[in-house]
Amino acid sequence: MTTDAAPERAQTTAVSIQVARLNHAVLYVRDATKAADFYGRVFGFEVVENAFGGRAVFMRASHGENHHDLGLFSVGPDAPRPARGSVGLYHLAWEVPTIEDLAEAARTLSAERALGGSSDHGVSKSLYGADPDGNEFEIMWRVPREAWGEFENKGAVMPLDLDAELKRWGAAGAARA
C-alpha cells in the first residue's frame, strides 16, 4: 500500500517564524558614502554610523524607531550590476503614511531623475525608482484594508492616476471615501 503523505504534511505543518515586518535592508553599492548622500536627499534618511572608513554606512528613516533602516556596503567602483532577471533581490518597498507623501515622493524622484514608473495595485499605489547603482526600489502607499474590495485576494498592475488618487484619498477626499 502506498500513500502520498506530502499533501497532508503540507497542510499540517505549523509556521515556525512569525515575521511582523521588514526591519531593515542592506545593499551592496559601489560607494557607500555616495549612496548615503542619495538616500539622505531622496528619503531623508539620517546617518547613524559611518564605519570602516566610509565603506559601510548605516542610516535611519526620519522619525524611525529602528537602529537603522538601511545599511550600505561599498564593493568598489568597478562592481558589476547583476543582469536583469537574474536570481537575487528585485526591489525593496518603502511605505509612506499618506497619499500626499506619495505625490511628494513622485516630485522628489522626478527631480532626482530616479523615477522609473508607477502602478496602481488596487491595495497600494506605487512608484518605482533606482538609486545611482541601479538598485531598484518601490515607494508605496497602502490603501485602507476596508477598501481593497476585489483586490483582497488577487494581484493587479494597472496604470496609476496619481491626481485622481489624491482627490479620492487625500486629506479632502478621504472623508468621502
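## A walk through the predicted fold

The chain has four helices and eight strands. Helices here are DSSP runs of H or I with at least four residues, strands are runs of E with at least two, and both are numbered from the N terminus. This is a predicted model, in which local features need pLDDT of at least 70, side-chain atom pairs count only at pLDDT 80 or more, and totals for chains, interfaces and linings use all residues. Residues are numbered from 1 along each chain as its sequence is written, and side-chain values use heavy atoms, with hydrogens and water left out.

The elements run α-β-α-β-β-β-β-α-β-β-β-α. Of the 177 residues, 36% count as buried. Buried means under 20% relative accessible area, exposed means over 50%, and partly exposed lies in between (1.4 Å probe, protein chains only). Next come the contacts, meaning heavy atoms within 4.5 Å. Take those between residues at least 6 apart in sequence: 56% of them join residues at least 24 apart.

Now the interior. In soluble globular proteins, nonpolar side chains tend to be buried together. The largest nonpolar core in this model has 34 residues. Such a core is a set of buried Ala, Val, Leu, Ile, Met, Phe, Trp, Tyr and Cys residues joined through side-chain atoms within 4.5 Å. Tyr39 and Leu72 have the most contacts inside the core. Elements that give it two or more residues are strand 1 (25-29), helix 2 (32-43), strand 3 (56-60), strand 4 (70-74), strand 5 (92-95), helix 3 (99-111), strand 8 (136-142) and helix 4 (162-169). Helix 2 gives the largest share, seven residues.

Look at Leu72 in detail. Leaving out residues up to four places away in sequence, Leu72 touches Leu27, Val29, Ala32, Ala35, Ala36, Tyr39, Arg55, Ala56, Val57 and Met59.

Leu162, Glu165 and Trp169 are buried in helix 4. These three lie on the same side of the helix, because they cover an arc of only 55° around its axis. The arc is taken from the directions that run from the helix axis to the C-beta atoms. The cover over these buried residues includes helix 3, strand 6 (115-120), strand 7 (124-130) and strand 8. On the face turned away from the buried side, helix 4 carries the exposed residues Asp163 and Lys167.

Aromatic rings come next. The whole structure holds 10 aromatic pairs. Rings of Phe, Tyr and Trp (its six-membered ring) pair if their centres lie within 6.5 Å; planes under 30 degrees apart count as stacked, over 60 as edge-to-face and the rest as tilted. Phe58 and Phe73 form an edge-to-face pair, with 5.9 Å centre to centre and 85° between the planes. The two are 15 residues apart, Phe58 in strand 3 and Phe73 in strand 4, and their pair links distant parts of the chain. Phe58 is buried at a relative accessible area of 15%. Phe73 is partly exposed at 29%. Elsewhere, ring pairs join Phe38, Tyr39, Phe43, Phe45, Trp94 and Phe137 into a cluster.

Helix 2, strand 5, helix 3 and strand 8 each give two or more residues to the lining. The largest share, five residues, comes from helix 3.

Ala93 lies in strand 5. Ala93 counts as partly exposed, at 40% relative accessibility. Not counting residues up to four places away in sequence, Ala93 touches Glu138 and Met140. From Ala93 to Trp141 is 48 residues in sequence but 9.9 Å in space, C-alpha to C-alpha.

Finish with two loops. Phe52 sits between strand 2 (46-51) and strand 3. Phe52 has a positive phi of about 55° although it is not a glycine. Phe52 is exposed, with a relative accessible area of 59%. Arg113 is in the loop between helix 3 and strand 6. Arg113 has a positive phi near 55° and is likewise not a glycine. At 80% relative accessibility, Arg113 is exposed.
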